[in-house]
Protein chains: 2
Amino acid sequence: MSQQREEQPEGDLRNTGMSLKHDREWDYELDRIVEEVQEREAKTVGLQFPEGLKRRGPGVADDLRKTLPDDVSVMISGQPCYGACDLDTYMMKRTDVFVHFGHSPMKDSDKIIYVPLFSNVDVFPIMDQAIDEQLSKPEEDPDVGLVTTAQHMNKFEEMCDYLEDEGYTVHTARGDERLTHEGQVLGCNYASADIDADQVLYVGGGKFHPLGLAMEHREKHVVIADPVNNAVTVADAEQFLKERYASVHKAMDAERWGVIFCTKIGQGRWEKAQEIVDNNENAYMLTMDEITPDRLLNFGMDAYVNTGCPRITTDDGPQFHAPMLTPGEYEIAIGEKPLDELEFDTFHGTW
Amino acid sequence: MSQQREEQPEGDLRNTGMSLKHDREWDYELDRIVEEVQEREAKTVGLQFPEGLKRRGPGVADDLRKTLPDDVSVMISGQPCYGACDLDTYMMKRTDVFVHFGHSPMKDSDKIIYVPLFSNVDVFPIMDQAIDEQLSKPEEDPDVGLVTTAQHMNKFEEMCDYLEDEGYTVHTARGDERLTHEGQVLGCNYASADIDADQVLYVGGGKFHPLGLAMEHREKHVVIADPVNNAVTVADAEQFLKERYASVHKAMDAERWGVIFCTKIGQGRWEKAQEIVDNNENAYMLTMDEITPDRLLNFGMDAYVNTGCPRITTDDGPQFHAPMLTPGEYEIAIGEKPLDELEFDTFHGTW
């Protein structure tokens with residue numbers, strides 16, 4: 001794997017005014033892809049990138065086309081992609097080699113080549129700062145959980161050692177079958193943080209993952225060491241929680257419910273959706289891949305239950321025309337569960 | 001078929017401040033659907049409505065659920081739908097009975113029940129007005145073409161007779177295999193207007209179809225008799241044409257091209273897309289279902305060629321970050337065809 005230039009850390013540039021540059025120094029594992037093409041005598045290669053990396057797609061296609069025989073077609077998925085749960089199944093079925101970049105496998109599959117795109121940004125200075133500023137001293141509370149995302153998985157053991165050397169007892173877990181690696185978190189699954197420690201250190205870019213963690217484990221002190229934006233903060237789920245309670249209250253008056261079944265390969269909970277519709281004659285099953293304000297506005301329901309990605313509900317919920325609840329919140333809104341049982345909706349199982 | 005109340009003509013209400021109401025007086029052909037469910041011993045029924053009719057989906061589901069056995073699941077597609085080219089194939093494959101409302105079949109298929117939703121609005125008063133205001137008198141030019149959309153196909157013969165009674169010679173055509181009915185137009189196909197008349201009367205709601213007709217047949221006088229909005233106008237493609245020329249000129253400087261292959265069942269032109277990419281090393285194949293400004297912005301190309309729905313190119317083109325051309329316009333932009341060969345992009349064949 002090639003080194004990322006240290007003077008140009010790339011990652012979450014949303015608020016910096018900078019745009020991602022075509023950077024060929026990431027390791028796209030082109031050799032592995034070319035090998036697979038030769039082995040399968042493939043004529044078509046499909047490439048899928050997550051949103052933030054799509055701009056690099058044409059450059060990767062260039063590099064592949066230079067190496068591959070002329071009669072091999074390379075194409076890039078233009079479908080939105082937010083995780084390994086979100087495979088372009090159209091492309092997967094219609095290409096001989098299908099490459100998914102930026103996520104670790106949700107389960108093993110011969111049909112898909114996963115290229116995780118590990119980050120080589122140096123994580124230790126920001127971990128050091130996190131220890132100084134936000135973690136309890138080891139002599140006060142030695143127990144600390146450690147989690148990270150697919151991009152930093154390659155440094156996970158080193159991170160553990162680093163904390164141990166500082167005097168901490170590091171708690172890590174493998175999570176459930178949706179998670180590929182020990183210590184890995186997803187936006188919808190924090191089973192790897194089910195550990196015996198009151199403080200958890202998240203090492204990685206952005207607040208998306210640690211905010212989910214803070215919602216799921218409200219009793220824990222979740223410290224963010226972000227090596228991409230070079231900042232230490234504490235994940236505060238307060239705003240999300242306020243919005244969740246507000247949405248549940250609003251939805252209590254709803255007469256007609258839209259029950260969303262998401263058709264994305266890794267985001268479907270059919271039994272759950274079916275159960276809700278079966279037990280409420282004013283509920284309607286709505287099926288779709290992308291769940292957007294425009295699409296729901298068409299139906300004009302009083303409220304929605306989203307059995308797909310919970311992060312659409314929690315993070316984008318306020319953008320919709322009517323309250324959107326998780327399945328658990330729906331039970332509260334219709335009076336089947338008390339309000340104090342409101343909890344973060346997590347996703348389990350693979351696709 | 002039940003009568004639509006005359007005091008409440010429904011249709012294009014976008015600029016009226018009114019919203020569509022749940023109107024059970026349209027004929028959703030529920031008996032036919034129920035029969036099919038019984039015949040196939042179906043356990044799942046999928047309903048797909050075009051955008052403007054999605055709000056009626058829950059009401060139709062209600063009516064079906066009242067009649068069908070309790071163990072039959074009814075679900076509604078939340079995918080965008082803009083034509084018979086735009087089937088929810090996910091739902092089609094996973095339901096025992098799949099019903100597509102609002103469009104005539106693009107080809108016969110046992111898998112799909114098409115419910116055209118004929119409009120029963122009275123078309124003759126507005127045809128009368130069109131004759132008075134915009135068509136040449138029969139004694140000056142008796143030849144007139146007649147076209148309409150799926151919604152008014154049930155009145156087509158009566159419309160022909162009406163014009164003949166007024167003294168016109170009515171020219172109609174069956175179009176090509178993409179069109180189900182004599183005299184039918186689609187947003188992307190006006191083969192039914194390839195007739196020997198300088199004036200064409202379009203009877204139907206909105207300007208979407210006649211504007212395409214005017215782009216395709218620039219030499220013809222296209223009169224719109226809109227019984228839904230109760231207005232007679234003339235289709236003027238001037239604005240569209242200006243935008244087309246502007247886009248082509250802008251794209252002449254493009255270095256990197258995104259070539260869009262649309263994965264919707266009736267909107268794919270694979271050979272065309274493949275040919276462009278094969279002959280331009282700075283062109284990249286991008287595959288997607290919905291073609292939106294957000295999705296293309298991710299790739300940051302200098303220009304795009306859209307081999308999918310031509311109406312996205314012509315009608316929505318100015319909303320994209322870079323010029324988007326039809327395949328024919330692309331040939332002009334790269335210097336393979338002269339500018340005066342610019343023409344409207346039409347779609348042929350079925351899915």
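Tutor: A cavity is a set of points on a 1 Å grid over the protein atoms alone where a 1.4 Å probe fits but cannot get out, and lining residues have an atom within 4 Å of a point. This is a predicted model, with local features needing pLDDT of at least 70, side-chain atom pairs pLDDT 80 or more, and totals for chains, interfaces and linings using all residues. Side-chain values use heavy atoms, without hydrogens or water, residues are numbered from 1 along each chain as written, and chains are lettered from A and ligands numbered from 1 in the order written.

Student: What volume does the largest cavity have?
Tutor: The search turns up five cavities of 30 Å³ or more in the whole structure. A volume here is the space filled by probe spheres set on the points, joined across faces, edges and corners. For the largest cavity that comes to about 50 Å³.

Student: How many charged residues are in the lining of the largest cavity?
Tutor: Its lining includes A:Arg218, A:Arg244, A:Glu329 and A:Asp345, with Asp, Glu, Lys and Arg counting as charged, Ala, Val, Leu, Ile, Met, Phe, Trp, Tyr, Cys and Pro as nonpolar, and the others, Gly among them, as polar. Next to four nonpolar and two polar residues, the charged ones number five.

Student: Which residues lie closest to the centre of the second largest pocket?
Tutor: A pocket is an open set with protein on both sides within 12 Å along at least five of seven lines. This one holds about 970 Å³ of space and has 44 lining residues. Closest to its centre are A:Thr89, A:Tyr90, A:Thr263, A:Asp289 and B:Tyr90.

Student: Which element of chain B gives the most to the side that touches chain A?
Tutor: Contact means heavy atoms within 4.5 Å, and 39 residues from each of chain B and chain A take part. Elements (DSSP runs numbered from the N terminus: helices, H or I, at least four residues; strands, E, at least two) giving two or more residues include helix 2 (57-67), helix 8 (270-278) and strand 11 (283-288) of chain B. With six residues, the top contributor is strand 11.

Student: How many salt bridges are there between chain B and chain A?
Tutor: A salt bridge puts a side-chain nitrogen of Lys or Arg within 4 Å of a carboxyl oxygen of Asp or Glu. Between chain B and chain A, the count is zero.
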